[in-house]
Amino acid sequence: MITKRIIPCLDVKDGRVVKGVNFRWLSDVNSPVELAEYYSDNGADELVFYDITASSDGRKIFTEILQETARHVFIPLTVGGGISAVSDFERVLSCGADKVSVNTGAINNPALIPEAAKLYGSQCVVISADVQRVNGEFHVFARGGRDDTGIEAVSWIRRCVDAGAGEVVLNSIDTDGVKQGFDIEMLRAVCDAVNVPVIASGGAGCIDDFVRLFREVPGVDAGLAASIFHFGEVKISDLKKRLHDENIPVRL
Amino acid sequence: MFTTAIINYGVGNLFSLECSFNAIGHEVTITSNPDDLKNSERIILPGVGAFGDAAEKLFSSGLADVLISEAQRGKPILGICLGMQLLFTRSYEFGEYEGLNLIPGEVKPIRDVIPGSLKIPQMGWNSLTFMNPSAIYSRTQRDSYVYFVHSYAAFCNERYITATTDYGVPLTASVQRENVYGVQYHPEKSGNVGLDILRSFCEVKS
């Protein structure tokens, strides 16, 4: 039986993991490669590297980091951040990424998803959507959640999937950082609308939040989180054991 | 003479695959040169994307003929993902295309056989159920998890199937016909389980 996936997300700037990481046993807690290896050993099913670098020098360091990670970590790796053209797909795929997630790039250039899907296959094109409630409607936000595009989110995600995106990362701005659980209502709306894998993001505060996620939204395929893993509040091995005990299929 | 040749025929990225062989201490040569294939001890046929396009590249480059003759000489060959599908007689992905016919069988959409509630592609970790024994699983425990990404699957005589995976129905996860091996999943993305499978394949002798 296909298992539910647990995915840690690493924000990388100028080749370093940002957001404080709290693992005293790692020699260099800000090394994306070391952290990726640690998570892989601990049972992570997949990794997301999010490049928040602004400079081109930083971009070059980021691709070197990707290559180094591919030499040491043998689980799927999704790369996002600053993907605005097909050449960005080529740049990260040639360095070991398996999937590429687009967010603002797909809003600014609707042709990007179909072009990339045609060249590299839908299986490596991920639509990542930052979504927030505005006057009772789900809106897509651009530029890291700063700009309200006014676009209705569920129909927009469906259009992206129809255009060739093979997976959806749904990040709820409403629940992100609050640590009170995933956005069940928003996830249900998206899972009902598409027939490709959906990854839940935003709101995980404890193990119970993952149990509730997979119980209440059976259509969700994966749970993604950052700080609760980085700060050691939740160990992935403990989380997966608990999910297994709750009869939620996971890879142990 | 070198050990392992990975066929580069312009389909998909080979960096991760190369890294996975290096991690188990095997030098690999990524090549589109027929002589390299002839001089290697074993051949990896990778591939992502659509069957028709990949088959066209393989046949028009002449690499298909070399691969077939090397297979007939008894050289171990491993097809991965689309590379496994190419080992079969034909595929019905976006039309009808001829494959290498090293293993009799057909590649068809999983949509036709799985329950309608399941997603396409099958993307994620699923477990292996062993069928006929295979040397590539010499280190692998039953029910081990490997990473799949596919919308099409191979349908063939049971005697070639070495493992299945349960996606509502049993789907072909790996096959073997004598020295020709194929895996639908990605061993290079399946953690230590995947590396062990590659390690065992590298021990197969002609």
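The questions below go through a predicted model with chains A and B.

Residues are numbered from 1 along each chain as its sequence is written, and chains are lettered from A, with ligands numbered from 1, in the order in which they are written. Because this is a predicted model, local features need pLDDT of at least 70 and side-chain atom pairs count only at pLDDT 80 or more, while totals for chains, interfaces and linings use all residues.

Q: What is the mean pLDDT of chain B?
A: pLDDT is the predictor's confidence in each residue, from 0 to 100. In chain B, 99% of the residues reach 70 or more. The mean pLDDT of chain B is 95.

Q: Which residues of helix H2 of chain A are buried?
A: Helices (H or I, at least four residues) and strands (E, at least two) are DSSP runs, numbered from the N terminus. A residue is buried if 20 or more other C-beta atoms lie within 10 Å of its own, exposed if 12 or fewer, and partly exposed in between, with C-beta atoms placed from the backbone. In H2(A) the buried residues are A:Phe62, A:Ile65, A:Leu66, A:Thr69 and A:Ala70.

Q: How many residues of chain B are in contact with chain A?
A: Two residues are in contact if their C-beta atoms, placed from the backbone, lie within 7 Å. On the chain A side, 25 residues take part; on the chain B side, the number is 26.

Q: Which elements of chain B each supply at least two residues of the side that touches chain A?
A: The residues of this side divide into 13 nonpolar, nine polar and four charged. Here Ala, Val, Leu, Ile, Met, Phe, Trp, Tyr, Cys and Pro count as nonpolar, Asp, Glu, Lys and Arg as charged, and the others, Gly among them, as polar. The elements are H1, strand E8 (122-127), strand E10 (145-150), strand E12 (161-167) and helix H6 (191-202).

Q: How many residues of H6(B) are buried?
A: The buried residues include B:Val193, B:Ile197 and B:Phe201. H6(B) is mostly covered, and of its twelve residues the number buried is nine.

Q: Which residue forms a cis peptide bond with B:Ile120?
A: Most residues other than glycine have a negative phi, and most peptide bonds are trans. In this cis bond omega is about -5 degrees.

Q: Where is A:Lys179, which has a positive phi?
A: Phi of A:Lys179 is about 60 degrees although the residue is not a glycine. A:Lys179 is partly exposed, with 16 other C-beta atoms within 10 Å. The place of A:Lys179 is the loop between strand E9 (167-172) and helix H7 (184-193) of chain A.
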